[in-house]
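I opened this entry to note the fold and a few helix details. My notes follow the structure.

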Amino acid sequence: MSDLLATTTHPASAWLISATPPALVSAVLLVSTLLLRDRLALALALAQSKVSARRHGGSRPRPDPALVWVPTTIDPSRMVIICAGVVAIVAAALSFAAPIFLALALSAPFAAVLIWVLLTLAEARYVGLIDRDLTAALGRMSALLRSGSGFRTALERVLVDMPEGPLRDEWGYLLTRQGANLESGGIATPQQVVAALAEQTSSARQATLLSHLSVAVSQPQDVLARRCEAAYDAIQSSDRRREEAVTELAQMRYSGMAVGMAGIAMASYLTLTQWERVVAAYSTPLGIIVGTVVIAALALPIIGGLLLARAADVDY
């Protein structure tokens, strides 16, 4: 860049020449994403469907096509836009140090990793929203069943009062799929619908609950009411145990974050005060590897604290 500035007639705007490759890479990626947006969204929707289908691996039979449930953990169109923006930024940054075609090629694995991370985070958020609303919804259903309402009637009344969210969508599935024409013949019974959702839901807590209810739905009203009440009492106890565990593990999370942030703060200070030495040390091929190891070591206390502070309890 110094040679370029020394030989140009307008050095103040010479940076535009270096910015041309990143701009071209970003333009190519953004235009391609715009033209292929619908197909990319369809591909991401199919990817979510395949992830859901993998839950039926092993010896478990797949449900009837009329009872297949594919949760929409994240809107495919929105995820395409997010991925396109981030990948364009990454590819533009790579094009400063690599040829255009190499930067475009390297953007593909970055896109794959980003999509995987977004799907993982979206599914974790989806499960968290289900678990958040599950206890209150089950308590409401238990009260309605004790008052003499049938399973379908109680489900309809619970859905009326339930806020918008994943749990409402999944319990709406329990209502709308009853009576569906099955490919194997006959119509779907409430027991079949509950059992099918138990195998396909992303939430382990709800899967445990639905497996319990799938046995009780076909039993007399008083038995169903008692089983639902027992499940409600058990899930409340599970919530209390989980809250106690989260409180006890909070110190581990705070310690990990404190240690990690202290390391990052010291590294940032040294980088700012000795920038030339940092560039000289980490600009070589071996320096890049060492820099990656250093960044991972600084982030590990934070990641470890967050992971170890997670508490789950589905034993109810």
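**Overall fold**

I began with the contacts in the chain between residues at least 6 apart in sequence: 68% of them join residues at least 24 apart. I am working from a predicted model.

Next I looked up the secondary structure. I found 12 helices and 0 strands in the chain. Read from the N terminus, the elements run α-α-α-α-α-α-α-α-α-α-α-α. I then checked burial. Of the 316 residues in the chain, 34% are buried.

**Helix 6**

I turned to helix 6, residues 151–161. Which of its residues are buried? I listed Phe151, Ala154, Leu155, Val158 and Leu159. I looked down the axis of helix 6: the buried residues fall within an arc of 135°, so they line one face of the helix. On the face of helix 6 turned away from the buried side, I noted the exposed residues Val160 and Asp161.

**Helix 7 against helix 9**

I then took helix 7 (residues 166–176) and helix 9 (residues 204–216). They pack at an angle of about 25°, and their axes are 13 Å apart. Angles under 35 degrees count as roughly parallel, so helix 7 is roughly parallel to helix 9. The crossing of helix 7 past helix 9 is right-handed.

Which residues make the contact? From helix 7 I noted Leu167, Glu170, Trp171 and Leu174. Helix 9 contributes Gln206, Leu209 and Leu210. By class, I recorded 5 nonpolar, 1 polar and 1 charged residues in this contact of helix 7 with helix 9.

Terms used: Residues numbered from 1 in each chain as written. Predicted model: local features only at pLDDT ≥ 70, side-chain atom pairs only at ≥ 80, totals over all residues. Heavy atoms only, no water. Axes fitted to C-alpha atoms, helices over the stretch in contact; angles between N-to-C directions. Helix = DSSP H or I, 4+ residues; strand = E, 2+ residues; numbered from the N terminus. Parallel < 35°, antiparallel > 145°, perpendicular 65-115°, else oblique. Left-handed = near helix turned anticlockwise from the far one by under 90°. Contact = heavy atoms within 4.5 Å. Nonpolar A, V, L, I, M, F, W, Y, C, P; charged D, E, K, R; others polar. Buried < 20%, exposed > 50% of the residue type's maximum accessible area, 1.4 Å probe, protein only. Arc of directions from axis to C-beta.
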